[in-house]
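Please find below a colleague's note on the structure shown here. The points are numbered so that each can be checked against the coordinates in turn.

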Amino acid sequence: MREAISLAQAAECLGEVPVGAVVVRDGVIVGRGFNTPIGEKDPTAHAEISALRDAARNLGNYRLPGCELYVTLEPCAMCAGAIMHARIARVVYGARDPKTGVHGSVVDLFAVERLNHHTEVTGGVLAEECSRMLSSFFAARRRKAP
């Protein structure tokens with residue numbers, strides 16, 4: 001999670017919402033990503049998607065069984081779908097997202113039994129640190145707004 005936080009800080013330095021993610025297999029980071037939708041002009045350029053793409057390239061497979069995803073913010077619906085399609089075994093996230101989070105904040109997509117893949121999810125890891133980073137970022141943006 002510390003590496004995901006470091007990547008979130010990199011996103012913030014670029015003016016992006018500070019969210020970072022890493023994919024880990026057997027204790028080794030195999031994929032990294034951070035938010036870049038503003039700079040890339042791409043609504044799918046979330047940290048999780050970038051980390052999944054990086055891991056898939058590095059491992060040579062679009063399926064990532066046995067991998068874990070660590071992310072600083074509760075995944076949204078788009079990212080949850082990508083996580084399940086990639087067959088990620090476990091997601092660990094920091095801060096909850098009361099507006100778009102899909103591990104219980106808005107809905108719980110990971111708990112839908114009819115879906116063909118079930119990812120284990122653990123939330124609240126270094127939650128205060130992750131939440132503080134996001135709150136500070138948005139507070140600074142509000143101060144700059146006209």
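**Notes on the structure**

1. Ser-50 lies in helix α3, where helices (H or I, at least four residues) and strands (E, at least two) are DSSP runs numbered from the N terminus. With a relative accessible area of 19%, Ser-50 is buried; the cut-offs are under 20% relative accessible area for buried, over 50% for exposed, and in between for partly exposed (1.4 Å probe, protein chains only). Not counting residues up to four places away in sequence, Ser-50 touches Arg-32, Gly-33, Phe-34 and Ala-45, a contact being heavy atoms within 4.5 Å. Ser-50 and Met-78 are 28 residues apart in sequence, and their C-alpha atoms are 12 Å apart in space.

2. On the basis of these points: this is a predicted model, in which local features need pLDDT of at least 70 and side-chain atom pairs count only at pLDDT 80 or more, while totals for chains, interfaces and linings use all residues. Residues are numbered from 1 along each chain as its sequence is written, and side-chain values use heavy atoms, with hydrogens and water left out.

3. The largest nonpolar core has 36 residues, of which Val-23, Leu-69 and Ile-88 touch the most other members; such a core is a set of buried Ala, Val, Leu, Ile, Met, Phe, Trp, Tyr and Cys residues joined through side-chain atoms within 4.5 Å. Two or more residues of this core come from each of α1, β1 (20-25), α3 (47-59), β3 (67-73), α4, β4 and α5, and β3 gives the most, with five residues. Leaving out residues up to four places away in sequence, Ile-88 touches Val-23, Leu-52, Leu-64, Cys-67, Glu-68, Leu-69, Ile-83, His-117 and Thr-119. As a general remark, nonpolar side chains in soluble globular proteins tend to be buried together.

4. Val-24 is placed in strand β1 and, at 11% relative accessibility, counts as buried. When neighbours within four places in sequence are left aside, Val-24 is in contact with Ile-29, Val-30, Gly-66, Cys-67, Glu-68 and Tyr-70. Val-24 and Glu-40, by contrast, are 16 residues apart in sequence and 25 Å apart in space, C-alpha to C-alpha. Asp-26, found in the loop between β1 and β2 (28-34), is exposed, with a relative accessible area of 73%. From Asp-26 to Asp-54 the separation is 28 residues in sequence and 16 Å in space, again C-alpha to C-alpha.

5. How do α1 and α5 pack, at what angle and with what distance between their axes? Helix α1 (residues 2-13) and α5 pack at about 5°, with their axes 11 Å apart; the axes are lines fitted to C-alpha atoms, for helices over the stretch in contact, and angles run from 0 to 180 degrees between N-to-C directions. The two helices α1 and α5 are therefore roughly parallel to each other, a description that applies to angles under 35 degrees, whereas those over 145 count as roughly antiparallel, 65 to 115 as roughly perpendicular and the rest as oblique. Arg-2, Ile-5, Ala-8, Gln-9 and Glu-12 of α1 make the contact with Glu-129, Cys-130, Met-133 and Phe-137 of α5. These contact residues divide into five nonpolar, one polar and three charged, where Ala, Val, Leu, Ile, Met, Phe, Trp, Tyr, Cys and Pro count as nonpolar, Asp, Glu, Lys and Arg as charged, and the others, Gly among them, as polar.

6. The count of disulfides comes to zero, a disulfide being a pair of cysteine sulfur atoms within 2.5 Å. The sulfur of Cys-67 is too far for a bond, because the closest cysteine sulfur, in Cys-79, is 16 Å away; Cys-67 counts as buried at 0% relative accessibility. Cys-130 is likewise in no disulfide, the nearest cysteine sulfur, that of Cys-79, being 15 Å away, and Cys-130 is buried, with a relative accessible area of 1%.

7. Two backbone values deserve a look in the model. Arg-87, in the loop between α4 (77-85) and β4 (90-95), has a phi near 65°, a positive value in a residue other than glycine, and is partly exposed, with a relative accessible area of 22%. Leu-126, in the loop between β5 (120-122) and α5 (127-144), has a positive phi of about 55° although it is not a glycine, and counts as partly exposed at 31% relative accessibility. Most residues other than glycine have a negative phi.
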